[in-house]
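Here are a few notes to read alongside the model.

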Amino acid sequence: KRVRNLFGGKEFPAGTHTVSWDGLVEGGVQIITVHGHYSYGEQKLVLAEPGTYTVRTLVHDPVDIRYEFAVNTAGNPPWKTVDGTGGWLHDHTPPSDVVWIPQADRLLVCSAVGEIGHGMVYLDPATGKKLAGERSYGVGGGWCGAQWLARDAGPQARPEVQAFSATAFGAYVEFWEHSDRGHFKLFSYKRADGKDASCAGVAIHNDLAVISLPDEGQLLMVDAKRGKRIATVPVSAPRGLTFLPSGELLVITDKKVVRFPAFDAATALATDRGQALIAQGVDDPQCVRVFGDRLLVSDWGQSHQVKLFDLAGKLVGAIGNPGAPRVGTYDERHMNHPAGCWLVEPKDAAFAGAPAGQPVLWVAEADFRPKRLSVWTLDGKLLKAFYGPPGYGGGGFLDAEDKTRFFYDGMEFRLD
């Protein structure tokens, strides 16, 4: 019968060694309670009974660790490097949005909150290779990359501005500018009742920004050039939103895409003049974007697809296999919670393996099983998927009988 471990996992150099024993043995576990509500067990030691005891020692050679590859991350290498090309996105949250940055010929992908990894990642649009990244530019006190991204495509857009972002963290929604000259917080909105704020999208046209506040049933208008609040207007259950080139605003509200007349900082948004543009063909729309004569809508519910509409609101296609997320065999052609998406035209960049002269769609999938950024053709072919990274501290384990099977967070990976 074992009565006491004298040591464990201890390294000894070659030679003779003496180990002492204080004559105490294990006498059961005692429960210790801290502050009246937190308890833990601690081994109780008692004096050994008189008698003869034997010491046994188990010895093995040092464990040799050899790095082979990382699982569930698109980072290469998977750890952060000095030049910013290593590692991938945030650990705490999945990717949530993506935009094309024409000034830099690269894509910007974001994830909201994290401690390890980068919340703002710049990618080569032809390969998806990471070119640079930052954990945070200061959003949320340094905890956040970004939740939603937008570009100003209006005729009066400032050319030095690459993108804008809006992020909810705690009771605040922060609105930031990301430009050639740096990264700046333009406006910080605090929820009046002190509860956690929510943000479901941001759109901007000629420096007029509109931010969706779904839990409060409001749209927040901000003058992006001056960093000044213009107004808040009530809209029922707002979600994603985008501007048409004409300055008209599309807003997802009550699970429809509604078009509102053009307005500016001096003219209030006429919420009573909104007309439903898309009321059929969507289940639970989350994000809407416009690219030329195409409208793209990220749809949840029983769909989990990116759906294509013409400017009249007619459904013309859907990307990805339909259906709600489910347990079972993984289907790489199914998206889980598609969120922000961006269509990259061939004149801007040609993705490796895409049909010549055809645009490709990048989709940020806001789900943990798996975290994924996927690339598609408009006829529904999956070109590539970028996975991960794992959560804080990594985790997961190999099958003890088959090292090609790896388990992490309810998912099974086949390692090749």
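1. In what order do the 4 strands of the open sheet lie, and is their pairing parallel or antiparallel? Please bear in mind that this is a predicted model. The order is S23-S24-S25-S26, and the pairing is antiparallel. From one strand to the next, the twist averages 15 degrees.

2. Now to the middle of that order. Antiparallel pairing over 6 bridges links strand S24 (residues 360-365) with strand S25 (residues 372-377). If you want a pair to look up, Ala364 has Leu373 in S25 as its bridge partner.

3. Strand S20 (residues 294-299) deserves a visit too. S20 is mostly covered, with 5 of its 6 residues buried. Strand S19 (residues 285-291) runs antiparallel to S20, and 6 bridges join the two; Val290, for instance, has Leu295 in S20 as its bridge partner. S20 also pairs in the antiparallel sense with strand S21 (residues 305-310), again over 6 bridges, and here Leu296 has Leu308 in S21 as its bridge partner. When you display side chains, remember that in a regular strand they alternate between the two faces of the sheet.

4. The hairpin of S19 and S20 has 2 residues between the strands, and Gly292 in its turn has a positive phi of about 60 degrees. In the hairpin of S20 and S21 there are 5 residues between the strands, and Gly301 in that turn has a positive phi of about 65 degrees.

5. Is Arg158 buried or exposed? Arg158 lies in the loop between strand S7 (148-150) and strand S8 (161-169). Its relative accessible area is 14%, so Arg158 counts as buried, the cut-off being under 20%. Leaving aside residues up to four places away in sequence, Arg158 touches Phe164, Glu177, Arg181, Asp207, Ala224 and Lys225.

6. Last, the empty space. Rolling a probe the size of a water molecule over the atoms shows where such space is left. The largest pocket has a volume of about 1300 Å³. It is lined by 28 residues, of which Phe7, Val55, Arg56, Thr57 and Leu58 are the closest to its centre. By type, the lining of the largest pocket divides into 11 nonpolar, 10 polar and 7 charged residues.

How values were computed: Residues numbered from 1 in each chain as written. Predicted model: local features only at pLDDT ≥ 70, side-chain atom pairs only at ≥ 80, totals over all residues. Heavy atoms only, no water. Pairing = 2+ DSSP bridges. Axes fitted to C-alpha atoms, helices over the stretch in contact; angles between N-to-C directions. Buried < 20%, exposed > 50% of the residue type's maximum accessible area, 1.4 Å probe, protein only. Contact = heavy atoms within 4.5 Å. 1 Å grid on protein atoms, 1.4 Å probe; cavity = no way out; pocket = protein on both sides within 12 Å on 5 of 7 lines; lining within 4 Å. Points joined across faces, edges and corners; volume = space filled by probe spheres on them. Nonpolar A, V, L, I, M, F, W, Y, C, P; charged D, E, K, R; others polar.
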